[in-house]
Amino acid sequence: PIILMPPVYKTYYDNMIPEKKDRRDTFLNDLMEKYHNIILMDYENNPLFTVEDFMNEDHLNVFGAKKLTEKINENILTN
């Protein structure tokens, strides 16, 4: 199984509700400890994605989507 955390723009990431993010991260960590075959692809706060890659704060445009697809393919091929 692969869990993908797609990129979000900096202002979106900075304004995430900390308690919600902590609950999510705790859940993911517990899940990954229990099932060692899970692959987590975390691009949520990846500096590779810049303002030019976003349509809005939490959606990529076609250029960002292409970049993310290439990164996912690289990651899958190396795991």
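Among contacts in the chain between residues at least 6 apart in sequence, what percentage join residues at least 24 apart? After that, how many aromatic pairs does the count come to, and where in the chain are Tyr9 and Phe54?

Analyst: The model is a predicted one. Among contacts between residues at least 6 apart in sequence, 66% join residues at least 24 apart.

The C-alpha trace spans about 40 × 35 × 15 Å along its principal axes. Of the 79 residues, 22% count as buried. The accessible surface comes to about 5900 Å², and carbon and sulfur atoms account for 58% of that area. The chain carries 9 positive and 14 negative side chains, and the centres of these two sets lie 2 Å apart.

Now to the rings. A pair of aromatic rings is described by two values, the distance of the centres and the angle of the planes. The count here comes to 2 aromatic pairs. One of them is formed by Tyr9 and Phe54, with 5.6 Å from centre to centre and 70° between the planes. This pair is edge-to-face, because planes over 60 degrees apart count as such. Tyr9 and Phe54 belong to distant parts of the chain, 45 residues apart. Tyr9 is in the loop between β1 (2-5) and α1 (10-14), while Phe54 is in strand β3 (residues 54-56).

The two residues fall into separate classes of accessibility. Tyr9 has a relative accessibility of 29% and counts as partly exposed, because the class covers values between 20% and 50%. Phe54 has a relative accessible area of 11%, which is under the 20% limit, so Phe54 is buried.

Tyr43 and Phe49 make up another pair. Their ring centres are 6.3 Å apart and their planes stand at 80°, so this pair is edge-to-face. The distance of 6.3 Å is within the 6.5 Å limit for a pair. Both Tyr43 and Phe49 are buried. Phe49 has a further neighbour: Lys67 lies over the face of its ring, at 5.6 Å from the ring centre.

Glu44 is buried, with a relative accessible area of 8%. With neighbours within four places in sequence left aside, Glu44 is in contact with Met5, Pro6, Pro7, Val8, Tyr13, Met16, Lys21 and Arg24.

Thr69 is in helix α3 (residues 62-78) and is partly exposed, with a relative accessible area of 44%. Between Thr69 and Tyr13 there are 21 Å in space, C-alpha to C-alpha, and the two are 56 residues apart in sequence.

Tyr35 is in the loop between α2 (18-34) and β2, and at 40% relative accessible area it is partly exposed. Tyr35 and Pro1 are 34 residues apart in sequence, and their C-alpha atoms are 9.4 Å apart in space.

Methods
Residues numbered from 1 in each chain as written. Heavy atoms only, no water. Phe/Tyr/Trp six-rings, centres within 6.5 Å; stacked < 30°, edge-to-face > 60°. Helix = DSSP H or I, 4+ residues; strand = E, 2+ residues; numbered from the N terminus. Buried < 20%, exposed > 50% of the residue type's maximum accessible area, 1.4 Å probe, protein only. Lys NZ or Arg CZ within 6 Å of the ring centre and 35° of its normal. Contact = heavy atoms within 4.5 Å. Areas by Shrake-Rupley, 256 points an atom, 1.4 Å probe, with all protein chains shown as cover. Lys, Arg positive; Asp, Glu negative; His and termini not counted. Charge placed at Lys NZ, Arg CZ, Asp CG, Glu CD.
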